[in-house]
Amino acid sequence: MKTFVVGNWKMNLTVGESSLFLQKLQKKIKPAKNLEVVVAPSAIALQTLSLQLERNKSKIKLAAQNFHYRDYGAFTGEISVSQLHGIIKYAIVGHSERRHIFGETNREVKMKVAAAIRNNIRPIICIGETEGERASGETADVIRDQLLSSLSEIDVEDFKKVIIAYEPVWAISGGKSSRAAAPDEVIDVIRLIHTTLADTYGKEIEENIPVLYGGSVNADNAGAYLTMKGVNGLLIGGASLMSEPFCDIVETAKRVIA
Ligand code: PGA
């Protein structure tokens, strides 16, 4: 299975800045077997960056940060995943900021997962418990619920296109009292994701679904998360906006899979 290093740029960088930053990454990041490097810029920069990557025959791939679950229609201000077809290979779905700031529900997440699959885009489905849910012992229920519901609108043969990203909400930078999780605080949840998939859909399906980790990942802690059993890559916010830490994380991933 490939290892994924995904940078989520969130609502940062202008189109020009995104293009220059990507240029830097293209120069510094040399492709490696079994490693997929993906960046998720603002929607407005996607087409420019897609042309840039194509022109340079780069192996870096693009992801959308969000999209609407309908393919077209009267949804002012929205972008459909079918409109992004040919521009992106991946799409982040159900990021905690979508869920908690914009009120995205499990229902919307599963519709978006179905829309991505319908349009041949691989969804990176984010799941994770809040600090309060963890404190009250609800982590396992929340994770199982978010995970199984997100997959409930797609056919089992499409499960191999799906990527899961476990991001404990309390570990995502920018949160009120966020802090990086120690690997032993989150290993049980990584295990739970794998056992839930295996128990519900079978071992063969579970083995083909990559599980990424995200939340305050930086150049110093990336290795510790990447060497956790059951972790197949990283979803990185803050540290993906600077070329040095992001490229260092990519190098760490190369060493771990070598
Ligand atoms: P962070 O963001 O690395 O800045 O914590 C991760 C994410 O939101 O995906």
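## Exercises on a predicted model

S18 touches W9, L13, A45 and L49, leaving out residues up to four places away in sequence. Keep in mind that this is a predicted model. Let's start with that serine.

### Exercise 1: S18

Find out which helix holds S18, and decide whether S18 is buried or exposed.

*Solution.* 
- Step 1: Find the helix. S18 belongs to helix α1, which covers residues 15-28.
- Step 2: Check the accessibility. The relative accessible area of S18 is 1%, and buried means under 20%, so S18 is buried.
- Step 3: Look across the fold. P41 is 23 residues from S18 in sequence, yet their C-alpha atoms are 7.2 Å apart in space.

### Exercise 2: the ligand

Work out which residues come nearest to the ligand, and how much of the ligand's exposed area the protein buries.

*Solution.* 
- Step 1: List the neighbours. There are 13 residues around the ligand, and K10, H95, E167, S173 and S216 come nearest.
- Step 2: Sort the shell by class. You get four nonpolar, seven polar and two charged residues.
- Step 3: The side chain of K10 has an N or O atom 2.6 Å from an oxygen atom of the ligand. For S216, a polar backbone atom is 2.7 Å from a ligand oxygen. With G238, a backbone N or O atom is 2.8 Å from an oxygen atom of the ligand.
- Step 4: Look at the cover. On its own, the ligand would expose 280 Å², and the protein buries 99% of that.

### Exercise 3: the nonpolar core

Name the residues that touch the most other members of the largest nonpolar core, then trace the contacts of F246.

*Solution.* 
- Step 1: In soluble globular proteins, nonpolar side chains tend to be buried together.
- Step 2: The largest nonpolar core has 68 residues, and L25, I88, I164, I193, Y213, L234 and F246 touch the most other members.
- Step 3: See which element gives the largest share of this core. That's helix α7 (residues 183-201), with seven residues.
- Step 4: Follow F246. Leaving out residues up to four places away in sequence, F246 touches V5, V6, G7, L25, I29, V37, V38, V39, I236, A239 and S240.
- Step 5: Spot the other core. Apart from the largest one lies another core of 13 residues, including F4, V6, A63 and L212.

### Exercise 4: two positive phi angles

Say where K57 sits in the chain and where N120 sits, and give the phi of each.

*Solution.* 
- Step 1: Most residues other than glycine have a negative phi.
- Step 2: Read the angles. K57 isn't a glycine, but its phi is positive, near 50°. N120 isn't one either, and its phi is about 65°.
- Step 3: K57 is in the loop between α2 (43-55) and β3 (61-64), while N120 is in the loop between α4 (106-118) and β5 (122-127).
- Step 4: Check accessibility. Exposed means over 50%, so K57 counts as exposed at 69%. N120 is exposed as well, with 54%.

Note on methods. Residues are numbered from 1 along each chain as its sequence is written. This is a predicted model: local features need pLDDT of at least 70, side-chain atom pairs count only at pLDDT 80 or more; totals for chains, interfaces and linings use all residues. Side-chain values use heavy atoms; hydrogens and water are left out. A residue is near a molecule or strand if one of its heavy atoms lies within 4 Å of it. A polar contact is a pair of N or O atoms within 3.5 Å; within protein, one must be able to donate a hydrogen and the other to accept it, and residues adjacent in sequence count only if both atoms are side-chain atoms. Accessible areas come from the Shrake-Rupley method with a 1.4 Å probe; for residues, only the protein chains shown count as cover. Ala, Val, Leu, Ile, Met, Phe, Trp, Tyr, Cys and Pro count as nonpolar, Asp, Glu, Lys and Arg as charged, and the others, Gly among them, as polar. A nonpolar core is a set of buried Ala, Val, Leu, Ile, Met, Phe, Trp, Tyr and Cys residues joined through side-chain atoms within 4.5 Å. Buried means under 20% relative accessible area, exposed over 50%, partly exposed in between (1.4 Å probe, protein chains only). Helices (H or I, at least four residues) and strands (E, at least two) are DSSP runs, numbered from the N terminus. Contact means heavy atoms within 4.5 Å.
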